[in-house]
Amino acid sequence: HTPMYFFLLNLALLDLGCISTTLPKAMANALWHTRAISYAGCAAQVFFFVFFLSAEYCILTVMSYDRYVAICKPLHYGTLLGSRACATMAAAVWGTGFLYSVLHTASTFSLPLCQGNAVNQFFCEIPQILKLSCSKSDYFREIGIIYFSFCLSFGCFVFIVVSYVQIFRAVLRMSSEQGRHKAFSTCLPHLAVLSLFLSTAMFAYLKLPSSSSPSLDLLVSFLYSVVPPTVNPLLYALRNQELKAAVSNTYIFNIHKMHASLTGV
């Protein structure tokens, strides 16, 4: 199970990075009653947000393959997911996120902006920046890149769904009802969060500007940018019995250590 924990570590880092890119600045702005952000700060926020979010989606795709091999091809698990293969897949995930982020950031911030400088969102979101553009050709270039990106994302989603279908077929052949219940209760929430992320992100990036409202845009952006990175650790880590036992043992050890320091024992 070492590959699973290796991928969980990567997922945790990406979730932390995704949340840290948007929420601290939004909370600071709310605290100081301002919505100001520098041009360079906005570009940096777009870069890191797209980087972490796209890499996270890639690592979830890799993790679905890991689960498929572990359940459907257990005898080949050590061969297909050795340390070298895991390192290669992780490097591909981070590299894909970086290239994808460079492409979108460079394309978005090469647009001439002449519709003001107010972004109606709690972070610098590409669709909101595109509304400020006055160049139709550059605007449609970025829209084309977004459509192409979502075609690739949908391909990854199909791969994830097919992997889970194969897992469900293998699980249904299990004689243990408890094992089937555990597998379904683990896999179905994963698919639900992925579906929520992809559907809301597609709505946010592919909808027509004329069909949007500020309140709906805010809700949709929150659903795809904050909810999945927040829920993922609960679904992928805290449902794992070994990780829960490790967290519990660490907590108990720290309590005993604190008690010993206070009592002098």
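Mentor: Start at tyrosine 224. Leaving out residues up to four places away in sequence, tyrosine 224 touches Phe49, Leu53, Phe123, Glu125, Phe197, Thr200, Ala201, Ala204 and Tyr205. A contact here means heavy atoms within 4.5 Å. This is a predicted model, in which local features need pLDDT of at least 70 and side-chain atom pairs count only at pLDDT 80 or more, while totals for chains, interfaces and linings use all residues. Residues are numbered from 1 along each chain as its sequence is written, and side-chain values use heavy atoms, with hydrogens and water left out.

Now widen the view. Tyr224 is among the residues with the most contacts inside the largest nonpolar core, together with Phe7, Tyr164, Tyr205 and Tyr236. That core has 65 residues. At least two of its residues come from each of H1, helix H2 (39–72), H4, helix H5 (126–130), helix H6 (136–172), H7, helix H8 (214–225) and helix H9 (227–236). H2 gives the largest share, 17 residues. A nonpolar core is a set of buried Ala, Val, Leu, Ile, Met, Phe, Trp, Tyr and Cys residues, joined through side-chain atoms within 4.5 Å. Buried means under 20% relative accessible area, exposed means over 50%, and partly exposed lies in between (1.4 Å probe, protein chains only). In soluble globular proteins, nonpolar side chains tend to be buried together.

Stay with H2 for a moment. Valine 62 belongs to this helix. Valine 62 counts as buried because its relative accessibility is 12%. Apart from neighbours within four places in sequence, valine 62 contacts Phe7, Met89 and Val93. Take the last of these partners. Valine 62 and valine 93 lie 31 residues apart in sequence, yet their C-alpha atoms are 8.4 Å apart.

What does a search of the whole structure find? One disulfide. A disulfide is a covalent bond between the sulfur atoms of two cysteines. The cut-off used here is a pair of cysteine sulfur atoms within 2.5 Å. Cysteine 42 and cysteine 124 form the bond, with their sulfur atoms 2.2 Å apart. Cysteine 42 is in helix H2, while cysteine 124 is in the loop between H4 and H5. The two are 82 residues apart, and the pair links distant parts of the chain. The torsion about their S-S bond is about -130 degrees, so the disulfide is left-handed. Cysteine 42 is buried, at 8% relative accessible area. Cysteine 124 is buried too, at 4%. Cysteine 58 is in no disulfide; the nearest cysteine sulfur, that of cysteine 156, is 5.7 Å away. Cysteine 58 counts as buried because its relative accessibility is 17%. Cysteine 151 is at 55%, so it counts as exposed.

Next, look at H1. Asparagine 10 lies in this helix, which spans residues 2–31. Is asparagine 10 buried or exposed? Asparagine 10 is buried, with a relative accessible area of 7%. Beyond its neighbours within four places in sequence, asparagine 10 is in contact with Ile59, Ala90 and Trp94.

Then turn to H7. Phenylalanine 184 sits in this helix, residues 177–206. Phenylalanine 184 is at 24% relative accessible area, so it is partly exposed. Neighbours within four places aside, phenylalanine 184 contacts Phe168, Val171, Leu172 and Pro189. Its C-alpha atom is 9.5 Å from that of isoleucine 167, 17 residues away along the chain.

Now the surface. Phe98, Leu99 and Val102 form a nonpolar patch there, with about 280 Å² of accessible area together. Patches are made of residues with over 30% relative accessible area and no salt bridge; like charges are joined within 9 Å, and nonpolar side chains (Val, Leu, Ile, Met, Phe, Trp, Tyr) within 5 Å. A salt bridge is a side-chain nitrogen of Lys or Arg within 4 Å of a carboxyl oxygen of Asp or Glu. Phenylalanine 98 lies in helix H4, residues 83–108. Phenylalanine 98 is partly exposed, at 42%.

Last, the whole chain. The secondary structure comes to 10 helices and zero strands. Helices (H or I, at least four residues) and strands (E, at least two) are DSSP runs, numbered from the N terminus. Of the 265 residues, 42% are buried. Among contacts with a separation of 6 or more, 74% join residues 24 or more positions apart. The chain exposes about 14500 Å², and carbon and sulfur atoms supply 70% of this. Accessible areas come from the Shrake-Rupley method with a 1.4 Å probe; for residues, only the protein chains shown count as cover.
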